[in-house]
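Reader: I have a structure open and want a quick tour. Can you take me through it?

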Amino acid sequence: MVTRTERAWQVLAGVLDPEVPVLSVRDLGIVRDVIDHGGELEVVLTPTYSGCPATEAIEQGVLAAIDAEGLGPARTTLRRAPAWTTDWISEDGRRKLREYGIAPPSHVIPAQAGTRSILVFRRKPQALACPHCGSAHTERLSPFGSTACKALWRCLACREPFEHFKPI
């Protein structure tokens, strides 16, 4: 028998991100936990960044989906630490981004136990594979895309523009 918590995880796989509607909140890795407190479910979310304008819409979508499945009452809790990282995007989510025409972020190298790492980003971005044709002959047009988490690129092989989900 499927538990209430397991069913909630299944339902959350259908709650789409309002800014990248090809990804669910589970694909993005922003659902950190689902806790059954007996009378109430708690869904723990970590926003992609603290000022994310979609956070309120995501919370409403999560609660509406839980309620629609009769799994409520429910509440959301925002957990900002540890901070969200693009490493939390699932492999299925990365595939969906490519199919949607957005180059997925590269993985951020994890720190070794007991150490703290400082990430240094190169001034010249490394070439990305085009999500349309697969060519690595690409260039960044702008570090800014349609949202703060994306940059604008162009493929020099097929000439198609595309967005890149920035690694953080």
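## Aromatic pairs and the rest of the fold

Author: Start with the rings. This is a predicted model, and a search of the whole structure turns up two aromatic pairs. In one of them, Trp153 and Phe162 are stacked, 6.4 Å centre to centre with 25 degrees between the planes.

Reader: Why give both a distance and an angle?

Author: Because a pair of aromatic rings is described by the distance of the centres and the angle of the planes.

Reader: Are Trp153 and Phe162 buried or exposed?

Author: Trp153 is buried, with a relative accessible area of 3%. Phe162 is buried too, at 2%. The cut-off for buried is under 20%.

Reader: Which residue lies over the face of Trp88?

Author: Arg32 does, at 3.6 Å from the ring centre.

Reader: Step back. How many helices and strands are in the chain?

Author: Four helices and seven strands. From the N terminus, the order is α-α-β-β-α-β-α-β-β-β-β. The chain has 168 residues, and 38% of them are buried.

Reader: What share of the contacts with a separation of 6 or more comes from residues 24 or more positions apart?

Author: 53% in this chain.

Reader: Now strand 2. Is strand 2 mostly covered or mostly open?

Author: Mostly covered. Strand 2 spans residues 41-45, and five of its five residues are buried. Leu41, Val43 and Leu45 point one way, while Glu42 and Val44 point the other way.

Reader: How does strand 1 pair with strand 2?

Author: Strand 1, residues 31-36, pairs with strand 2 in the antiparallel sense over five bridges. Asp33 has Val44 of strand 2 as its bridge partner. The two strands form a hairpin with four residues between them. Gly38 sits in that turn and has a positive phi of about 90 degrees.

Reader: And which way do strand 2 and strand 3 run?

Author: Parallel, joined by five bridges, with strand 3 at residues 74-78. Leu41 is bridged to Ala74 in strand 3. Strand 2, helix 3 (residues 55-68) and strand 3 make up a right-handed β-α-β unit.

Reader: What about the largest nonpolar core?

Author: The largest nonpolar core has 27 residues. Those with the most contacts inside it are Leu12, Val25, Leu28, Val31, Ile58, Val62 and Phe165. Helix 1 (4-12), helix 2 (25-28), strand 1, strand 2 and helix 3 each give two or more residues to this core. Helix 3 gives the most, with four.

Reader: Which residues does Ile58 contact, leaving aside neighbours within four places in sequence?

Author: Asp17, Pro18, Val25, Ile30 and Leu45. Apart from this core lies another one, of seven residues, among them Ala103, Leu128, Cys130 and Trp153. That Trp153 is the partner of Phe162 in the stacked pair.

Reader: Last topic. In what order do the four strands of the open sheet come?

Author: The order is 4-7-6-5, and the pairing is mixed. Strand 4 (102-103) and strand 5 (138-142) are at the edges with a single partner strand each, so one side of each has no neighbour in the sheet.

Reader: How does strand 4 pair with strand 7?

Author: In the parallel sense, over two bridges, with strand 7 at residues 161-165. Ile102 stands opposite Glu163 in strand 7.

Key
Residues are numbered from 1 along each chain as its sequence is written. This is a predicted model: local features need pLDDT of at least 70, side-chain atom pairs count only at pLDDT 80 or more; totals for chains, interfaces and linings use all residues. Side-chain values use heavy atoms; hydrogens and water are left out. Two strands pair if DSSP finds at least two bridges between them. Rings of Phe, Tyr and Trp (its six-membered ring) pair if their centres lie within 6.5 Å; planes under 30 degrees apart count as stacked, over 60 as edge-to-face and the rest as tilted. Buried means under 20% relative accessible area, exposed over 50%, partly exposed in between (1.4 Å probe, protein chains only). A charge sits over a ring if NZ of Lys or CZ of Arg is within 6 Å of the ring centre and within 35 degrees of the ring normal. A crossover is right-handed if, with the strands pointing away from the viewer, the path from the first strand over the helix to the second runs clockwise. A nonpolar core is a set of buried Ala, Val, Leu, Ile, Met, Phe, Trp, Tyr and Cys residues joined through side-chain atoms within 4.5 Å. Contact means heavy atoms within 4.5 Å.
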